[in-house]
Amino acid sequence: MKEEKRKVLNMKAPLLNDVIFKRTFTKEGTEPILRDFLEAILEKKITKVEVKNNEIPKERIDEKGSTLDIRAEIDGKQIVDIEMQVEDEKNLSQRGPIYACKNIATQLDKGNNYKKLKASIGIWILNFNYYKVNSYHSVAKMMFDKESGKYVDMGYTEVEEDKVATDMLEMHYIEMPKFLKKNPGVEDKLDQWLWLISGKGEKIKMAEKKNRNVKEALEKVDEIMQDKEIIDLYFDQAVAKWDREHTKHYIAEKARNEGIEKGLAEGRKEGIQEGRQEGLEQGLEQGRKDTQIKVAKVLLKNNQDIELIIEATGLSKEEIKKINRDVLQS
């Protein structure tokens, strides 16, 4: 039954969805789960974790490239920001430092002096490879570059010399395709959590037996994926993503056609332009309808209540009955 629940939104790896990821780790009572997850990444014991933004603002769902981050305070000394990034927007090397520095800068707005500032840790979980490094968990700090330094013998040994310029900034990059290529076991705590995020069933079962927090997180995911609000948010995301992708496609196609037709008479060109715009609108509308039908099919296959399906998709009862007949015949 639990395996069927995970298919409600037709997602093999539900934690790669930022809405489900955030809800799993920030809902009231999930602090032990988040603490264990952070301990696995940071490789240190954590006494207390306090989530600073457990809300999921619906208005951000439609934003281009939006991310629903998790911001938490660790032991009153560090601010950690966790980002789930599924699509490569080619700007991570710029965004990462900006986000990390922002967590420090906003503390100054509250009148804190420099000595009271909490260190900033950025954690990026990526469903794509970004950096040319031979590791799936990479840690970046502000290090001294010895090769560019002007040497003077101060008597420091190699062990005594400072390696890091500041402990106020630290960034962790976890690249899931590299993790899957490595295909590790489940002995390491971080690997246990990454198998859960990956959605790979057999390894998840093994990780559950090793780590009770992974097991509890999985149960929380099952519970969340039955939440009507989550279904609505997921549907909104799917439609918004389709709109963004297909609008780009149609705009590009439109521009190409306009270039070909530059030699046409002005009056004829205007008529074609109107027809092209109408085609664009029809295409977008058809895309939304296709997405609604796909979501409805998934929910029907999982025996969801028809009223919930109507509310989640916006389809009529008659349309859903017709889709149900198609599902039964397939």
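Buried means under 20% relative accessible area, exposed means over 50%, and partly exposed lies in between (1.4 Å probe, protein chains only). Of the 330 residues in this chain, 42% count as buried.

Before you click, note that this is a predicted model: local features need pLDDT of at least 70, side-chain atom pairs count only at pLDDT 80 or more, and totals for chains, interfaces and linings use all residues. Residues are numbered from 1 along each chain as its sequence is written, and side-chain values use heavy atoms, with hydrogens and water left out.

**Stop 1: the whole chain.** Show the cartoon to find 12 helices and six strands; helices (H or I, at least four residues) and strands (E, at least two) are DSSP runs, numbered from the N terminus.

**Stop 2: the core.** Select Phe21, Ile125 and Ile197, the residues with the most contacts inside the largest nonpolar core, which has 46 residues. Such a core is a set of buried Ala, Val, Leu, Ile, Met, Phe, Trp, Tyr and Cys residues joined through side-chain atoms within 4.5 Å.

**Stop 3: the strands.** Select strand E2 (residues 70-74), where four of the five residues are buried. Which strand does E2 pair with over five bridges? Strand E3 (residues 78-85), in the antiparallel sense; two strands pair if DSSP finds at least two bridges between them. Highlight isoleucine 70 and its bridge partner in E3, isoleucine 82. Finish at aspartate 75, in the hairpin of E2 and E3, which takes a positive phi near 50 degrees.
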